[in-house]
Structures are given as C-alpha cells and as structure tokens.
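Hi,

Here is the structure I promised to pass on. My notes follow below it.

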Amino acid sequence: MTMRIAVAGATGNIGALTVAALERAGHQVVRISRSLGVDLTSGEGLDAALAGVEAVVDATNSTATDREEAVSWFRTTTGNLLAAGERAGVRHHVLLSIAGVHRAEGNAHYAGKREQERLVTQGPLPWTILPATQFHDFAAMVTGWTEHEGVATIAPLLVQPVAPGDVAEVLAEIAAGAPQGRHRDLAGPEPQDLVDMARRTNEARGRTVRLVPTWSGLFDSSMAGEVLLPGPDARIAPTTFEQWLATQR
C-alpha cells in the first residue's frame, strides 16, 4: 500500500538512500532537511512538511563532539520532530540508532543518541528504533576527521559493519509497516578491525594515509572489545565489507 512518508535528514548519506528505497517501493516521500527549507532546530517548516504524513524516518545526525552540545542538539531536534508529528497525526516514528549505544558511556555522540532514544520511547507517537552497527564507510570517515599532513589517528575498534544501502532498505521496510518498539540490532555479515578497514578503504580510493592506532581520541577504551558488536539475535544484512569495498575502487 502506498504511503506518504517523511524522511528527516533526507540529504544525508543514509537519508538519501532511504528516500530512494522508499520511492522504489512506490511511496510518496517528503524530504526534510534544512537545505530544503525545513529546520529541525527551530521547527520552521515542520508542520507544513508533515501534513498528511503517515510515518516519519529520523535519519538525522549531529557532528557535535562536545557531550552537552550533542545532547542538546538531539533533544531539540527530536523534540520538535515528535511534537510536530503528534500535531500532524503521524502514526509511526522510526528512529535510526546505534547498536551498543547503551554500553559506551564516554562518547559524546552516543550520549546524544541515548537522549534521542529516551525522547522517542517516552514520546507521544508509536515508534520503532533500529539500532545499526557502524557503516562500511565509517573507518575512512574517522580518518578524514583526524588526518593532518598525511597522518590520521584511529581507535582499534572491533565492529561488525553494515552497508549503508542495506540500512536504508530496512528503514524503508520498517516505515511501511506497523510500529515494533525496539528492533533487533542490524549488522553486516562479519566482524572487522576498524584500523584495517580504514587502511583498505583508503587504498581502494587511492589515498595514502599513515594510520596511528590510539585510544586517545574520539573513541576511548570503554568501546574496546565486544562493546560495539551486535546482539546475538541480530538481523544480518547481506552485503559484506569486501563487496562494498569493490565499489570504492
């Protein structure tokens, strides 16, 4: 059945892929993004955007590295989105979150996502939260944040990365269905070392970056070991890291 579904963060990586997946399935998609005239931080344009919308997918993201700033950003944007959704009669709020978000205390972004989850679970709308593991492009993204003069620091995290396209397909599937509460973790087929992922991705893209593994950075040792791995009942997406890597060459 065709639905009118809004995607918040529609111009971002996952948001754009989710829009495409929903449109392939025949749904009418409303794109929510500041660049498109809808500001989640102020609420400007939200009521008009959500008119007639049956479900909302929240794929927004914050670049804040300060804990208080991250928590404040997610509290404001999520609160505005939920309130506007209630006014519009939205029947399903779908949130993309992070697997293991409640097991890692030291990271500012994770603190913000925990606040976001709290607001959704205690909010006025029926909801589904999809906790996904890190994406296949995450390692190279981290080195891009830290690289200086050809050298980048990166934490030796153990992750089980998932393809962004697979995440988008599952978000589209969930949005078109009934609210489920907390969905089981979504992960890729196999664990990977983040440092090795960064090395291989940069090589595939023809970039030379010297990697320095360290816990002195965005990710501390509280995220070591199996903290970021999915739960035992995880839903396993099909695309391997090697398959994704082949598209980067």
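Predicted model: local features only at pLDDT ≥ 70, side-chain atom pairs only at ≥ 80, totals over all residues.

A definition to start with: buried means under 20% relative accessible area, exposed over 50%, and partly exposed in between (1.4 Å probe, protein chains only). By that scale W73, with a relative accessible area of 25%, is partly exposed.

Residues are numbered from 1 along each chain as its sequence is written, and side-chain values use heavy atoms, with hydrogens and water left out.

Back to W73, which sits in helix α3 (helices are DSSP runs of H or I, at least four residues, and strands are runs of E, at least two, numbered from the N terminus). Leaving aside residues up to four places away in sequence, W73 touches T41, T60, N61 and S62, contact being heavy atoms within 4.5 Å.

Then there's helix α4 (residues 108–121). Its 14 residues reach 20 Å from first C-alpha to last, close to the 20 Å expected (1.5 Å times one less than the number of residues). Because 12 of the 14 residues of α4 are buried, the helix is largely enclosed by the rest of the structure. Among the buried ones are H109, Y110, R114 and V120. The cover over them includes α3 (67–88), β4 (92–98) and β5 (127–132).

Cheers
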